[in-house]
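I opened the model to look up backbone, strand pairing and aromatic contacts. My entries follow in the order I made them.

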Amino acid sequence: MSRSQTTPHLFCPVLFCFFAGMLSLGSAQAADVHLKINAGGSAVSGWQADTSFAKGGKAFPFAGDHDADGIVAAAPNEIYQTVRHLDHRYSFSDLPNGDYVVRLHFTDGFHSRDRSMQYRIEGKTVIDKLSIYEEAGDRARTVVVKDIPVRVSDGNGLQIECRKESGND
């Protein structure tokens, strides 16, 4: 059985910094999706607003379609139309200790090569100097996915931080 079949995901369009990000989370005990979070936006089609989990940053809306062709389990387009930008963090304090996969879906709503971010999960840098625009082949509004295996072992749930590294956020 593959890791994706045995490790649940936390789906959370954690739209960090003008990026749409979908965070998907699950534990090794069940393959069910536990959370679907719409970062910077309201509840949409089974996705929760991020307000119960987010601290800091600012919500920002932008309209338009996003190219998720070839992305398995992409979020509905409405999810990619809101973001939480500036330095911020998410706390999922009720999540029990265990092994998880945090799945982030990103899209840069603008043509911005100079913007980059750092992501820390459970105190460890897991993504550094991420430019979504460049990752997407210099195409705006194109979804990029990052799956990050994470072990939660401190008894205080899952913690995610997003920090601006460069550019205009």
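**Entry: Leu86.** I looked up Leu86 and found it in strand S6. I am working from a predicted model. The phi angle of Leu86 is near 70 degrees, a positive value in a residue other than glycine. I then asked how accessible Leu86 is. Leu86 has a relative accessibility of 34%, so I list it as partly exposed.

**Entry: Ser45.** I noted a second residue of this kind: Ser45 is not a glycine, yet its phi is positive, about 45 degrees. Where is Ser45 found? I located Ser45 in the loop between strand S3 (35-38) and strand S4 (48-49). Is Ser45 buried or exposed? Its relative accessible area is 61%, and because exposed means over 50%, I put Ser45 down as exposed.

**Entry: the chain overall.** I counted 2 helices and 11 strands in the protein chain. Along the sequence I read the pattern α-β-β-β-β-β-β-β-β-β-α-β-β. Of the 169 residues in the protein chain, 49% are buried. I also looked up the contacts with a separation of 6 or more, and 70% of them are between residues 24 or more positions apart.

**Entry: partners of S11.** I went back to strand S6, residues 82-92, and checked its pairing with strand S11, residues 158-166. The two run antiparallel and are joined by 5 bridges. Within this pairing I noted Arg89, whose bridge partner in S11 is Glu161. Which sense does the pairing of strand S8 with S11 have? Strand S8 (residues 116-121) also pairs with S11 in the antiparallel sense, over 6 bridges. One of the bridges to S11 has Ser116 facing Ser166 as its partner. For reading side chains along these elements I kept one rule in mind: in a regular strand the side chains alternate between the two faces of the sheet.

**Entry: Arg120.** I placed Arg120 in strand S8. Its side chain makes a polar contact with the side chain of Thr125, at 2.9 Å. Leaving out residues up to four places away in sequence, I listed what Arg120 touches: Thr125, Val126, Gln159, Ile160, Glu161 and Arg163. Glu161 in that list is also the residue I had noted as the bridge partner of Arg89.

**Entry: aromatic pairs.** How many aromatic pairs does the structure hold? I found 3. One of them is Tyr90 with Phe92, which is stacked, with 6.3 Å centre to centre and 5 degrees between the planes. Tyr90 and Phe92 are both buried. Another pair is Phe106 with Tyr119, which is tilted, at 5.3 Å centre to centre and 55 degrees between the planes. This pair links distant parts of the chain, with Phe106 in strand S7 (residues 98-106) and Tyr119 in strand S8, 13 residues apart.

**Entry: aromatic cluster.** I asked which residues form the aromatic cluster. I recorded Phe53, Tyr90 and Phe92 as one cluster.

Definitions and conventions:
Residues numbered from 1 in each chain as written. Predicted model: local features only at pLDDT ≥ 70, side-chain atom pairs only at ≥ 80, totals over all residues. Heavy atoms only, no water. Helix = DSSP H or I, 4+ residues; strand = E, 2+ residues; numbered from the N terminus. Buried < 20%, exposed > 50% of the residue type's maximum accessible area, 1.4 Å probe, protein only. Contact = heavy atoms within 4.5 Å. Pairing = 2+ DSSP bridges. Phe/Tyr/Trp six-rings, centres within 6.5 Å; stacked < 30°, edge-to-face > 60°. Polar contact = N/O pair within 3.5 Å; in protein donor to acceptor, adjacent residues only side chain to side chain.
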